[in-house]
Amino acid sequence: MIDRRPFNQLGGANHGWLDAKHHFSFAGYYDPAKMGWGDIRVWNDDTIAPGTGFPPHPHADMEIITYVREGAITHQDSLGNIGRTEAGDVQVMSAGSGVRHSEYNKEPGITRIFQIWIEPKTRGDKPSWGAKPFPKGERSGHFVTLASGFAEDADALPIRTDARISGATLKAGETTEYPIDASRHAYLVLAKGSVEINGVKLDARDGAAITGETLLRITANDEAEIVLVDAA
């Protein structure tokens with residue numbers, strides 16, 4: 001089952017400095033049919049104006065993954081971490097027992113991010129943060145694991161949940177495959193481009209809720225950038 005979630009049908013709100021689109025119920029957007037997907041609770045598509053951002057605020061017991069699509073995001077938290085994550089790179093924060101953080105666009109132009117929240121396996125653990133560059137050339141034509149809760153994904157950023165976040169870039173006409181257990185709940189969003197997944201067409205910033213599939217065969221209609229979460 002692949003349920004296409006068109007970008008123009010997403011919930012959201014434009015706050016001026018922040019234009020946010022929500023794949024699942026979040027803040028003032030509520031849809032009882034879209035409360036999450038498996039352990040995935042939030043997938044926000046945020047456009048942040050230059051010189052603005054999210055002031056310090058708390059989180060607890062959530063795995064928060066930020067995929068930067070354009071520009072850069074500057075992070076600071078109560079653990080003493082400070083970092084700037086650029087387009088194509090990923091940062092993760094395991095909120096655990098509690099952490100305060102801020103996220104600002106200190107760039108001269110807009111910043112676009114996907115922010116993804118996933119339920120952790122355990123609660124009350126020590127909070128942590130990390131970031132890593134993932135050059136798009138390294139995932140050309142195939143998926144590369146960006147963040148993972150599985151020990152075998154040693155090169156990925158660690159998260160404390162039964163999930164794997166992967167990215168791929170495809171040229172027009174190129175095809176890649178992703179094997180998946182039929183019991184899993186995957187959610188895929190196109191950062192850009194147009195693809196077909198097992199015959200279902202997706203355009204830029206569309207989402208797809210996936211379960212009951214054993215293989216995802218993805219063909220790009222034009223140059224595409226893909227983010228996939230494979231969750232319990």
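User: Where is aspartate 61 placed in this predicted model?

Analyst: Aspartate 61 sits in the loop between β5 (52-59) and β6 (63-70).

User: How do I read its backbone phi?

Analyst: Start with the general idea. Most residues other than glycine have a negative phi. Now the case here. Aspartate 61 is not a glycine, yet its phi is positive, about 50°.

User: Is aspartate 61 buried or exposed?

Analyst: Its relative accessible area is 17%. Buried means under 20%, so aspartate 61 is buried.

User: What is the phi of arginine 205?

Analyst: Arginine 205 has a positive phi of about 70°, and it is not a glycine either. This residue lies in the loop between β18 (200-203) and β19 (207-210). With 19% relative accessibility, arginine 205 also counts as buried.

User: Now the aromatic rings. How should I describe a pair?

Analyst: Two values describe a pair of aromatic rings: the distance of the centres and the angle of the planes.

User: How many aromatic pairs does the count give?

Analyst: Seven aromatic pairs. Take tryptophan 43 and tyrosine 187: their ring centres are 5.5 Å apart and their planes stand at 50°, so this pair is tilted.

User: Which strands hold tryptophan 43 and tyrosine 187?

Analyst: Tryptophan 43 is in strand β4 (residues 40-48), and tyrosine 187 is in strand β17 (residues 185-197). The pair therefore ties together parts that are 144 residues apart in sequence.

User: Are these two residues buried or exposed?

Analyst: Both tryptophan 43 and tyrosine 187 are buried.

User: Which residues do ring pairs link into a cluster?

Analyst: The cluster consists of Phe24, Trp43, Tyr67, Phe114 and Tyr187.

Notes. Residues numbered from 1 in each chain as written. Predicted model: local features only at pLDDT ≥ 70, side-chain atom pairs only at ≥ 80, totals over all residues. Heavy atoms only, no water. Phe/Tyr/Trp six-rings, centres within 6.5 Å; stacked < 30°, edge-to-face > 60°. Helix = DSSP H or I, 4+ residues; strand = E, 2+ residues; numbered from the N terminus. Buried < 20%, exposed > 50% of the residue type's maximum accessible area, 1.4 Å probe, protein only.
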